[in-house]
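Biologist: Let us go through the labels on this model one by one. I will ask what stands behind each.

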Amino acid sequence: MEQMTPEDTDRPKTPLEAVRDLLHRGQDVPAAAAVEEQHPADGASLLVHLTEEERQAIVRCLSPPAVAAVLEELDIDLAVALLASLEPGAASEILDLASPDVAADMLRALPPERVEGVIGGMVTADDVSSLLQYDDKTAGGLMLPEPAALREWMTAEEAIGYLRGTKPRSESSNYLFVLDGRNGLSGVVGLRDLALASAQTMVRDLMARDVHSVPTSMDQEECARLMQRYDLVQIPVVDDGNHVLGVILSEDIMDVIEEEATEDMLCLAAVSGSERVLNPFPRAFRDRAPWLVLNLVTVLMAALIINIFESTIAGAAFLVVFLPMVASQGGVAGSQTLTLIIRGLALGDLALSDARRVLVKEVALGLANGIIIGLIAGLLAYLWKDNVTLGLVVGAAMLLNLLVAGLFGVLVPLGMKVLRLDPALGSIVVVTTVTDMAGFGFVLALAAWWLS
């Protein structure tokens, strides 16, 4: 058994170790107090590393404002699991203290039989219910409702008095929207400009009229792209009549950017976009198993190519050595193209109108790389087996497979975009399957022709 050194016993405990020690001793209330002392983001991080039972014990002892603050920092699935473990009345109180957009996200994910009871006990039910009509991946589902708005004909003094009386949310009041006589969005004015202006200056003389806005149906990725392009800290969400329904804040957009980037990265690795490293075993199994089954099907398709040329392999068994080489190079080249295309689509750098130009470029790259890599691979095959024809077969197959990789690395994600599917979803499986099948097929077909 390992001996503890004096340095180990004297080392101060980390917050996580301290919370776990308190929980193991049955001191749930002090453990909850230790979590509440942390910043909500740090408190959420502590909960992530605890077991489900430990998390529930902590949440039951936290004050409602602390629970609301911590839940806003947690992954939505984990937050909903904790919320579902509480009584409806307690859940209603906590959601009243959360931001309306976060409360709406949690209600969407709650079991349907729980939603009505929780909403019925909420004071802010009207605000939250108005958001539930929108998809959570759209501007409507992302916005904060009823942002602060001024009128064009107000003076600076009247505007500041109005703000003092209404007390708008602090996070959405640095820039204030201005409405015209028909309650339509006509401009935006900074709180600093109002505070520094003379008392009788009209709001219309202070406001900027060039205002970017988004409809409720706009996808959250498009909203993020728009706010990044114009360096906006917030953007209004409007209806068909240009009436302001809500506002999207930059802090929410940062979460969207992280979420979308993570989802794309996981999908490219054939992992569910919602999986996280500390997800429980049953959910991790459910998220990964379907992709492995799909990959098994695609591998069988590649195996069929080998089966077709079984007689060729029997007559020249040394060909088997070079099959993985050609297929692997095609898979890597296809992944390179695919990653760039998907990233370009995600950032808005690539539109469908650019398809022809990108396709020509990637096929040209496949040709150039194919010539170079094909010559190297062919030379290695010749030197290894002292067979000129084998070198020509391997080199030609490599060239053709890199051409296929460039072609399908562009066509697959763009085709999925045309079909209104996520280009990252399953593209890597399709492209690698095509390059495996093409690599095996080219080597064996050329070899069969040579042997005949």
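Modeller: Start with V19, which is buried at a relative accessible area of 1%.

Biologist: Why is V19 called buried?

Modeller: Buried means under 20% relative accessible area, exposed over 50%, and partly exposed in between (1.4 Å probe, protein chains only). V19 has 1%, so V19 is buried. Before we go on: this is a predicted model, where local features need pLDDT of at least 70, side-chain atom pairs count only at pLDDT 80 or more, and totals for chains, interfaces and linings use all residues. Residues are numbered from 1 along each chain as its sequence is written, and side-chain values use heavy atoms, with hydrogens and water left out.

Biologist: Where is V19 found, and which residues is V19 in contact with, leaving aside neighbours within four places in sequence?

Modeller: V19 is found in helix α2. Helices are DSSP runs of H or I with at least four residues, strands are runs of E with at least two, and both are numbered from the N terminus. Contact means heavy atoms within 4.5 Å.

Biologist: What makes α2 roughly antiparallel to α3?

Modeller: The axes of α2 and α3 cross at roughly 165° and come within 8 Å. Angles under 35 degrees count as roughly parallel, over 145 as roughly antiparallel, 65 to 115 as roughly perpendicular and the rest as oblique. That angle therefore makes α2 roughly antiparallel to α3. Axes are lines fitted to C-alpha atoms, for helices over the stretch in contact, and angles run from 0 to 180 degrees between N-to-C directions.

Biologist: Which residues make the contact, and how do they divide by class?

Modeller: V19, L22 and L23 of α2 meet D28, P30, A31, A34 and V35 of α3. By class there are 7 nonpolar, no polar and 1 charged residues. Ala, Val, Leu, Ile, Met, Phe, Trp, Tyr, Cys and Pro count as nonpolar, Asp, Glu, Lys and Arg as charged, and the others, Gly among them, as polar.

Biologist: How do you know that the buried residues of α3 line one face of the helix?

Modeller: In helix α3 (residues 28-36), the buried residues are A31, A32, A34 and V35. Seen down the axis of α3, they fall within an arc of 155°, so they line one face. The arc is that of the directions from the helix axis to the C-beta atoms. These residues pack against α2 (15-24), α4 (40-48) and α5 (52-61).

Biologist: Why are α4 and α6 called roughly perpendicular?

Modeller: α4 and helix α6 (residues 64-73) pack at about 75°, with axes 8 Å apart. α4 and α6 are therefore roughly perpendicular to each other. On the α4 side the contact is made by P40, A41, G43, A44 and L47, and on the α6 side by A69, V70 and E73. They divide into 6 nonpolar, 1 polar and 1 charged.

Biologist: What makes α8 and α10 roughly perpendicular?

Modeller: Helix α8 (residues 88-97) and helix α10 (residues 112-120) pack at about 65°, with axes 8 Å apart. α8 and α10 are therefore roughly perpendicular to each other. From α8, P88, A91, S92 and L95 meet R114, G117 and V118 of α10.

Biologist: Why does R343 count as partly exposed?

Modeller: R343 has 44% relative accessibility, so R343 counts as partly exposed. R343 is in helix α20 (residues 323-347).
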